[in-house]
Every structure is written in structure tokens, then in C-alpha cells.
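Biologist: I would like to go through the terms used for this model. Please show it first.

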Amino acid sequence: MQALTNKAQAVNRKPMTFLERLYLINIIKGMMITFSHMFKKQPTIRYPEEKREFSPVFRGLHVLNRDEEGRERCTACGLCAVACPAEAITMEAAERIEGEENLYREEKYAAKYEINMLRCIFCGLCEDACPKDAIYLSETFAPANFTRKGFIYGKPDLLIPNPKTEAEAYAEAKGVEA
Amino acid sequence: MTILALDWALLAEKLIMIAIIVLASLGIALYTTFAERKVAAILQDRPGPSRAGPFGLLQPLADGLKLIMKEEIIPNAANKWLFILGPALAMTASLMTCAVIPWGSAIDVFGRHIELQIADVNIGVLYVFAVVSMGVYGIMIGGWASNNKFSLMSALRAASQAISYELAMGLALIALLMTTGSLSLKTIVEQQVGGNWWNIVYQPLGFLIFFITAMAECNRTPFDLPEAENELNFGYHQEYSSMKLGFYLFAEYINMIMSSAIMASMYFGGYDLPFFNEASVAPNIAAMIGVGTLLIKIVLFIFLFMWIRWTIPRFRYDQLMGLGWKTLIPLALFNMLVTGAVILATQ
């Protein structure tokens, strides 16, 4: 058979010499290898105290964004729900009434906005689809829960804190912008 | 009326010593389990147990507590008495070895001259052999009483392994006994103390054989076939739970400590600290230094055991038997003959 590469090596079938058959030398060699590992740096990250940084493109839990004045950006256009391949997003739209201009940026807003975190595959297509820059994926992940219902995140869970009234919490939730 | 003319102080002294040595062995065994996990971890670039207490030092206590709190299960089909007797026997046999080990020279307290040895039996080495052979009964009875085919298979393996390797061990020891001329461990150690060469110099091959067979007797890797978990699920203690399982696991570590102590005593000078003149300090301090020296030697041997365990894979069963019968026994016989010839020639 023609060899495709010249990497193949014939197996050495020479009978073992007496020293090799004793195995002791090879055992000592092996023990030296394990001994040398005592001085190697451990790659372990001691989790709760030490955390590995997420990569800048990490796609975690969703955040519903607000503008600089603390108004919700989402207009309930439904493009994210359409883009979602896992059909995890549902929403109900409502019309902004007089006196709510400081709450919602445009005339239409999402009265109900739910993401099922058990369905979501964290692909980030909703983020891409959003014309209003209203939804993006943060650098956290969904914590464990006891019930399935607990994984359906509504607006209170998703909305970013108001930058006007809770500036600190807002900055924390915003995190490092990619 | 005196029925028995006993030296009560001697009795008290021995009882206190037994208590100290048994408790110390248990304590050391407790931390040997911890050391095993830590050594394994460090050799594999892992941190090992580090959560319980500083550096994970409370881990063995947590493990022990867990074992005690677990439900005690005796299988329906098991022979109940033998099932309970098994771990008890394994533990007793492994603890009994410590009776003849000389832990130090002697100390003078309250006007009494106390030998740091529970019993200086003049056939100490034979006693050790007898007790070590008893240990196999613990495993055999446990495996048999469980009424589980895997346990039985493993008990059979343990028994045949112990028998094969005890032979080579005995033959390796005969050569040593020929050079020492005594069966008492105290005498053997005293011959090595104070500037004399350690027995390892006279019996390097004998020590190698003894070390390999000791590893096999302790069921340590590469000879841990009775506990080969990928072949026998868990081994002879598969049906055991709670502290009965703990006793089996513990007995193994105590066996390891005792065989380390015996190897240190017989081949590495026991409590002898090299290049140190014992007469230059007070006798009590010298004895304490001796105890510390023996403990350090034991710890080094235990580390060697662990180091080997985390380096070499397990033997195949036919290879194990081949090594025992076809290599170690002829080698031990050869060693014995050479030793005899040398002793004759130098007489």
C-alpha cells in the first residue's frame, strides 16, 4: 500500500533486553515524570473565589436596555421574536398614554416581554435583529431554579436598572460593553 | 492474699503505651487518607481537597463523619455474623502489628526505665508474619459473607495474592535474618544503631523483594487487584457501607503504616538517626529524637507507596502471579544462597 505521508513508523518488534524486562528502570523513569509534576503550575481556577473572565463576545443573560434618560428602548416590534430560532421570546405591545413619556421612548412599548431561558439557546440573533438597540446579551448566565416557571424571565428580571435613579446598579448591569 | 504477683506499674505503663500507639496509628491513618488524596492531586497538577479548614486539613474528619452518618446496610442474603466479623478482623489484624515495633530506644520517667516498645518478643518477625497473614482472613470473610460474586472473586484474588507474595517475602527475610542472627525486631534495630551500617547495605536485593511484596500485601497499586474497581465494581467490600466500609479502608492505611514501620526498622535502622551521636544529649531527648526519626522514615515510605500508586498502572492477574512465583521467589532464593555463601566465606 502506498503511504500517504511519511509519518508512519514501523513498530519495533525487537525482543526486550534484560534491563528492559526488569521494568524497574522504566518505573523509576515514570516516577521521575510524576515527581516533576509536583513543581508544575496548577491550571486550576478555585471557582467561587477566583473567576475566569468571559471572552468579550460571551453571550449570556438578556438585558432590556434603557436610553440615557432611563426610558425603555423597546417598541415591541416583535423582530426579536421573529428572529429567535428557539421561539423563546413572547411579547405584548401597548400604546403609550399621556404622561408616560418619561417611561417609554416611543409611542409603543412592550407591556409584557418574556424570554423562556430553558428554550433560549443564547445565539444572540435577537440582539442582531433589534433595530432600537433595546436587547443585548450580558456577561452573566441564568442561575439555577427549582421550577420551570422560574426560568420564564419577565420584564422585571430583564430590564436594566434606571441610570437616573440607580446609577450604580445600572453601571454594574451594563458591565463591559463589547 | 496475692493471687497474681503482677508488676502493676508495668501493666499500667504498657496499657498507656498501647493506647498511645493505637490512637496515634489511627490518627496517622486518618491523615494518610488525606495525604493520599493530596499527593495524588499534586502529582496530577490539581490542588486536591482544599475546602474543609486551612489547606483542607479538616477533610479527613469530614470524611469520617460522613462514613459514620451513612446508613448501615447488611444485605439480606449475607451471613450476618461473618459480615460484621470481617471488617473487625481486618482492623484488629492491622493494628496488632504495632505491638512488636520498637518505636524508640528507652526513656526514664518517674524513676522507671520504659522501653518504647509494647512487647519485645524474641520471635518478633514471626509474630508480624502471623498477624499479617491473619489480615487476609478479614478480606476473605468479608468477601464470602457478602454473598456477592464480585466480592467473592475479589476475596479469592486477595487470598491467592497474599499467599504467593508472603512466600517471597519470607524468603527475602530469611536472608536478612541470616545476617542479623535474631528474630527480635529490637535486636535487629539495635544492631544498626550508632555508626553501624544499616541492613539495606547488606541486603539491597532482599529489600527490593521485601518492598515489592509488602506493596502486594497491602493491596496497593500496582497490586490492588482485590480492589480493581473496573473489573470487580469495588472489590471485597462492595456490599459494605458506613463505618464497616470505613474499617476496611482504614485497615488498609494502617497496614501501609505498619509495613512502612517494619521496613524502616528492618532495613533502614529503625529509630537510628545517621551521623548523630545519641550519647551527646540526655537519654530521654535522644529517645524522642529516635521516635521522630522513625516517624520521618515511615512518612517517607508512605510517600513512596503513594508516589508509586499514582505512577504505575495495575498488573494483569496472570502477570501478578508470574511476577510472584516465577521472578520474586527464585530471586529471593538466589539472594538467600548468596547471603549464605558470603556469611560462610567471611566466617
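What follows is a short exchange about terms and the values behind them.

Modeller: This is a predicted model, in which local features need pLDDT of at least 70, side-chain atom pairs count only at pLDDT 80 or more, and totals for chains, interfaces and linings use all residues. Residues are numbered from 1 along each chain as its sequence is written, while chains are lettered from A and ligands numbered from 1 in the order in which they are written.

Biologist: Why is helix 1 of chain B called roughly perpendicular to helix 2 of chain B?

Modeller: Their axes come within 9 Å and cross at roughly 105 degrees. Angles of 65 to 115 degrees count as roughly perpendicular (under 35 is roughly parallel, over 145 roughly antiparallel, the rest oblique). Therefore helix 1 of chain B is roughly perpendicular to helix 2 of chain B.

Biologist: Which residues of the two helices meet?

Modeller: Leu30(B), Tyr31(B), Thr33(B) and Phe34(B) of helix 1 meet Gln59(B), Pro60(B), Asp63(B) and Gly64(B) of helix 2. Being in contact requires C-beta atoms, placed from the backbone, within 7 Å. The residues of this contact divide into 4 nonpolar, 3 polar and 1 charged.

Biologist: What makes strand 3 and strand 5 of chain A a pair?

Modeller: Two strands pair if DSSP finds at least two bridges between them. Ile115(A) stands opposite Tyr153(A) in strand 5.

Biologist: How many bridges link strand 2 and strand 3 of chain A?

Modeller: These strands pair in the antiparallel sense over 7 bridges. Ala94(A) stands opposite Tyr109(A) in strand 3.

Notes. Helices (H or I, at least four residues) and strands (E, at least two) are DSSP runs, numbered from the N terminus. Axes are lines fitted to C-alpha atoms, for helices over the stretch in contact, and angles run from 0 to 180 degrees between N-to-C directions. Ala, Val, Leu, Ile, Met, Phe, Trp, Tyr, Cys and Pro count as nonpolar, Asp, Glu, Lys and Arg as charged, and the others, Gly among them, as polar.
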